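I opened the model to look up a helix, a core and a chain. My notes follow in the order I made them.

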Amino acid sequence: MTLWTTVLLASGLAFALKLLGYVVPHQVLDGVVVSRVTAMLPVALLSALVAVQTFTAPGGGLTVDARAAGLAVAVTALLLRAPFLVVVILAAGTAATLRALGWG
Amino acid sequence: MPSPQLAEERRKEVLRQCLSVGVATGAYGISFGALSVAAGLDLWQTMALSALLFSGASQFAVVGIIASGGSGAAAVATSSLLGLRNGLYGLQISRLLRVRGLGRVPAAHLTIDESTAVAIAQQEPAAQRLGFWGTGLSVFVLWNLSTLLGAVVGNALGDPRRYGLDAAAPAAFCALLWPRLKTGDTRTVAAAAAVIALTVAPHAPAGIPVLVAALAAIVAGAIPARGPRDGMDLNDTGTSSGEQAPS
């Protein structure tokens, strides 16, 4: 498979998957259980993304590094009701500072 | 149900959120552009991924697999598994947007983690729609501009980790998830999903752990609500305005 084939095939499938969510009939979602599941899905997926992006090394192994410290600062900022951008900047700043000091 | 217009102040508040998220993820695009070129894709292939695939996790997966010598088929499969969640977001977002016909094409293209998270963090239907389109467009524009910047000068910038950009992304997702964690049910699901993802991560290819974690939502949804207050319907997402949603 050439690089262009890979790029275009991945893009086409990505769009098809996105569109699928819009063409499935809405009645499919009317059940109580389905409604609860679809409301819970983003919570589960976003939480999993936070965990994976914070605690895994490139090979998939678990690790605790400067990103974990960044997340801890972010959570603290959220508990103190800091605005979104402040939360993000504090997390990045924490990780960057720790790395500049030679950790993580 | 007809949705009243948003007050000017509320509209600005939502738009600020949209822009903040765009800036946060756009900054991350610099590292994508740099990594993509380093992996051997040319400038146009890199830009095609950001413009056409437009889903950060899938793009990083494609580039990462190619960089590590993986096959094109593995890159496409992993990217698509990661992209499944956008289809799941679409199921929910399509109910908020009420788009029909060709209008579904741009809506589907902009259906990603960020636009979904901002939309569902709002309470009023009008704010949900504004949050979706505003975030989708701001992320699209900034993600593509920063990808271009990253591809052109990224290598000169050096390691994006030095700037903590890899810690900015989970912090942003966490801030977006935060307002959803008001009920015991959602906190349980979030904790279970994180544990599942981390348990699976060392044993599965990139992208699979997050998908497996979706099981937490399916199991939680299938268990009957303990009481009416725990009902997770779309109009009861646990967000109360004023506090929390990212602002």
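**Helix α1 of chain A**

I checked the length of helix α1 (residues 3-23) of chain A: at 1.5 Å a residue, its 21 residues should span 30 Å, and the end C-alpha atoms are 30 Å apart, which agrees. I note that this is a predicted model, so I treat the distances as computed values.

I then listed which residues of α1(A) are buried. They are T6(A), V7(A), A10(A), S11(A), A14(A), F15(A), L17(A), K18(A), L19(A), G21(A) and Y22(A). What do the buried residues of α1(A) pack against? I found α2 (43-53), α3 (56-67), α4 (72-97) and α5 (104-109), which belong to chain B.

**Nonpolar core**

Next I looked up the largest nonpolar core, which has 110 residues. The members that touch the most others are A44(A), A48(A) and A91(A). Helix α2 (residues 32-55) of chain A gives this core its largest share, 14 residues. Domain 1 (1-27) and domain 2 (28-100) of chain A each supply at least three residues to this core.

**Chain B**

I counted ten helices and zero strands in chain B. Of its 247 residues, 53% count as buried. I also looked up contacts in chain B between residues at least 6 apart in sequence, and 75% of these join residues at least 24 apart.

Notes. Residues numbered from 1 in each chain as written. Chains lettered and ligands numbered in written order. Predicted model: local features only at pLDDT ≥ 70, side-chain atom pairs only at ≥ 80, totals over all residues. Helix = DSSP H or I, 4+ residues; strand = E, 2+ residues; numbered from the N terminus. Expected span 1.5 Å × (residues − 1). Buried ≥ 20, exposed ≤ 12 C-beta atoms within 10 Å, placed from the backbone. Contact = placed C-beta atoms within 7 Å. Core = buried A, V, L, I, M, F, W, Y, C linked by C-beta atoms within 7 Å. Domains from an automatic or database assignment.
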